[in-house]
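My entries follow in the order I made them.

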Amino acid sequence: MENGAAPAPAAAAAAAAWNFEPNGTLLGLRALSVRAVLDRVKAGMMAGDGGGCREVIPMGHGDPSAFPCFRTTPDAVDAVAAALRSGELNSYSPGAGLEPARRSIARYLSTDLPYELSADDVYLTSGCSQAIEIICSVLARPGANILCPRPGYLFHEARAVFNGMDVRYFDLLPESGWEVDLDGVQAIADKNTVAMVIINPGNPCGNVYSYEHLAKVADIARKLGIFVVADEVYAHLTFGQNKFVPMGVFGSVAPVLTLGSISKRWVVPGWRLGWIVTSDPNGVFRKTKLVESLKSYLDISADPATFIQGAIPQLIENTKEEFFEKTVDVLRQTIDLCWEKLKGINCITCPSKPEGSMFVMVKLDLSCLQGIKDDMDFCCQLAKEEFVVLLPGCALGYKNWLRITFAIEPSSLEDGIDRLKSFCLRHSK
């Protein structure tokens, strides 16, 4: 026995002596995890010689905080430091979160809405990921289904499946700027459909929906009698023709559950502060007891760190517009660089230039390549040979596509795409 490992029959017998059995659904969810897929992509790279002094180019994740050009504002750091030093934020917080933080977020979000939110409309979470987890738990009931975009951020699917919901997919149309296939939404919805998910600005496609398109989405939701779950974690990170319009603008047409956080706009994903907002001026969520269900779930869930909650009013109030403008300017610079350099790679095509978020979806033409089986194989070999990490489309429900993150240092981005081109040339037929 090497490394003290028991033979397979002995291990099975030892396991059988205990009453535990793994949850098969849970074990199957790793395929829907971006983190798990990226771990697989990087595994071959780690198993090699480490690449000597060669820099690893991380173009598969959504966390640019390590790069100096995406460093958060000192105003945010000062707000957290002041909250921590106050000595007044060391206790547990209420289930929905500290009222000053909720009130501040309500004011911040109301500037883009035709109505005023109150603190009672805001529920604080440990990042947007927990917001997704909570909403999927609240919406779940026997036989229920939820509609998700394809391609999309599969964390929504993972949480829905874990809660026993059926997930149905509507397509995003690459030839139309990744707009929602509205006819497809109507075709897959039925009396058991509880909600549809909209991600705007888009992850993974970089799309930014127009006011007119979102109005059509709200109208479809109203006709179908379903809620809209609006994942707006990339809100205001836009640099194209379309400006960000929150789905909550249409809350009087169809009730909207808005999910957001400080992770992306302030570039602090590790601070884990997000929110769920009930954008519902007609009070549908209260009449249907969704609010009651949400509060019940919050009573049995973990809270974001109290001192981070306590920092929110000062963080929002003191952050200067120049910081946001600088972040968007860097993203505009990096997508322009990425867009132009990708044109020189024959086996990759981009259906549309992103206008928001941090990502571009590109189609992989395997007929131009030799020794590459699919998108996962492409990414694994690329990481092993060139130390460039991309996310395969299979992690987003879109096989043989790639998601490229352009939210990294411009010089690293240029180097990464040059290595990507060299890899494609080396494997070209």
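I started with helix H13 (residues 321-342) and helix H15 (residues 410-426), whose axes come within 10 Å and cross at roughly 15°. Angles under 35 degrees count as roughly parallel, so I noted H13 as roughly parallel to H15. I logged the crossing of H13 and H15 as right-handed. The model is predicted, and I kept that in mind throughout.

Next I listed who makes this contact. From H13 I have Gln333, Thr334, Leu337, Cys338, Lys341 and Leu342. From H15 I have Pro410, Leu413, Glu414, Ile417, Asp418 and Leu420. By class, the residues of the contact of H13 with H15 are 7 nonpolar, 2 polar and 3 charged.

I then turned to helix H5 (residues 99-110) and helix H12 (residues 306-318). Their axes lie 7 Å apart, and the packing angle is about 35°. The crossing of H5 and H12 is left-handed. On the H5 side I found Pro100, Ala101, Ser104, Ile105 and Tyr108 in the contact, and on the H12 side Gln309, Ile312, Pro313 and Ile316. I counted 7 nonpolar and 2 polar residues in the contact of H5 with H12, and no charged ones.

Last entry: aspartate 374. I located aspartate 374 in the loop between strand S11 (359-364) and helix H14 (375-386). Is aspartate 374 buried or exposed? Its relative accessibility is 19%, and buried means under 20%, so aspartate 374 counts as buried. Its side chain makes a polar contact with the side chain of lysine 399, at 3.4 Å. Leaving aside neighbours within four places in sequence, I found aspartate 374 in contact with Leu366, Lys399 and Asn400.

How values were computed
Residues numbered from 1 in each chain as written. Predicted model: local features only at pLDDT ≥ 70, side-chain atom pairs only at ≥ 80, totals over all residues. Heavy atoms only, no water. Axes fitted to C-alpha atoms, helices over the stretch in contact; angles between N-to-C directions. Helix = DSSP H or I, 4+ residues; strand = E, 2+ residues; numbered from the N terminus. Parallel < 35°, antiparallel > 145°, perpendicular 65-115°, else oblique. Left-handed = near helix turned anticlockwise from the far one by under 90°. Contact = heavy atoms within 4.5 Å. Nonpolar A, V, L, I, M, F, W, Y, C, P; charged D, E, K, R; others polar. Buried < 20%, exposed > 50% of the residue type's maximum accessible area, 1.4 Å probe, protein only. Polar contact = N/O pair within 3.5 Å; in protein donor to acceptor, adjacent residues only side chain to side chain.
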